[in-house]
Amino acid sequence: MEHEVAALYTSHAPSLLRYASTLAGDSSGGQDAIQEIFLRYFVARTEGQQFDNPKAWLFRVLRNHLLDNLKSSRVKNEVAMEGIDDSSDGQNDPELHYHRIEMVRTISSLLAPRELECVRLRAEGLRYEEIAEILDLRQGTVGATLARAHKKVRRAMDREDDVKDTPIAPAHAMAREENSYSS
């Protein structure tokens, strides 16, 4: 039993932690949630429960656990340390970090909650049928949701590229220049 749980932990903990960190908003909350769900898995297996797809079960229980915690009032009063990065390795590029944060914000604002959930789970390498099991949806709904999310993100990226590539018309530039002098 311990070997089974250890093998599951080794193969799935990194993706579960990334998913938990995005839902919880910080890595420490994600780590606590990971410990909790593996403990629940161990208890369930000890009691004789069988799972057809342990990976999907772990993601579903993790999601439900985090959503329950987010709803509780005690979490709302905690201060997260999510913004603190370990920059001692010299690999952190502030500009790149800023652009990543802005991209995440843009995508999060574009997508509906279900679309965002599907994208997060797919980014962790889950198959459509696993995502369907976790979110209690049909597999076709997962595919359609991901396609819709992809289309929204693609449209937004195309618009952003159009804005970057479009030269400012001389009349607009002159109007901006005139407005900057008047006060």
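Analyst: Aspartate 136 counts as exposed, because its relative accessibility is 71%. The cut-offs are these: buried is under 20% relative accessible area, exposed is over 50%, and partly exposed lies in between, using a 1.4 Å probe and protein chains only. This is a predicted model: local features need pLDDT of at least 70, side-chain atom pairs count only at pLDDT 80 or more, and totals for chains, interfaces and linings use all residues. Residues are numbered from 1 along each chain as its sequence is written, and side-chain values use heavy atoms, with hydrogens and water left out.

Aspartate 136 sits in the loop between α7 and α8. Helices here are DSSP runs (H or I, at least four residues), as are strands (E, at least two), numbered from the N terminus. Aspartate 136 is not a glycine, yet its phi is positive, about 60°. Most residues other than glycine have a negative phi.

Helix α7 also holds glutamate 130. Glutamate 130 counts as buried, because its relative accessibility is 3%. Setting aside neighbours within four places in sequence, glutamate 130 is in contact (heavy atoms within 4.5 Å) with Asn53, Lys55, Ala56 and Gly125. Lys55 and Ala56 are among the buried residues of α3.

The largest nonpolar core has 30 residues. Such a core is a set of buried Ala, Val, Leu, Ile, Met, Phe, Trp, Tyr and Cys residues joined through side-chain atoms within 4.5 Å. Leu16, Phe38, Leu62 and Leu121 have the most contacts inside this core. Two or more residues come from each of α1, α2, α3 (54–71), α6 (113–123), α7 (128–135) and α8 (139–165). The largest share, seven residues, comes from α3. In soluble globular proteins, nonpolar side chains tend to be buried together.

Look along α3. Its 18 residues should span 26 Å at 1.5 Å a residue, and its end C-alpha atoms are 26 Å apart, so the two agree. The expected span is 1.5 Å times one less than the number of residues. The buried residues of α3 pack against α1, α2, α6 and α7. Leucine 58 lies in this helix. Leucine 58 is buried, because its relative accessible area is 0%. Beyond neighbours within four places, leucine 58 is in contact with Leu16, Ile37, Phe38 and Tyr41. Leucine 58 and isoleucine 37 are 21 residues apart in sequence, with C-alpha atoms 6.6 Å apart. Leucine 62, on the same terms, is in contact with Leu16, Tyr19, Ala20, Ala33, Ile34 and Ile37.

Turn to α2. Its buried residues are Gly30, Ala33, Ile34, Ile37, Phe38, Tyr41, Ala44 and Arg45. They cover an arc of only 135° around the axis, so they lie on the same side of α2. The arc is taken from the directions from the helix axis to the C-beta atoms. Asp32, Gln35 and Thr46 are exposed on the other side. The cover over the buried residues includes α1 and α3.

The whole structure has five aromatic pairs. Rings of Phe, Tyr and Trp (its six-membered ring) pair if their centres lie within 6.5 Å; planes under 30 degrees apart count as stacked, over 60 as edge-to-face, and the rest as tilted. Tyrosine 9 and phenylalanine 38 are edge-to-face, because their planes stand at 65°, with ring centres 5.1 Å apart. The pair links α1 (residues 2–24) to α2 (residues 27–46), across 29 residues. Phenylalanine 38 counts as buried at 7% relative accessibility, while tyrosine 9 counts as partly exposed at 45%.
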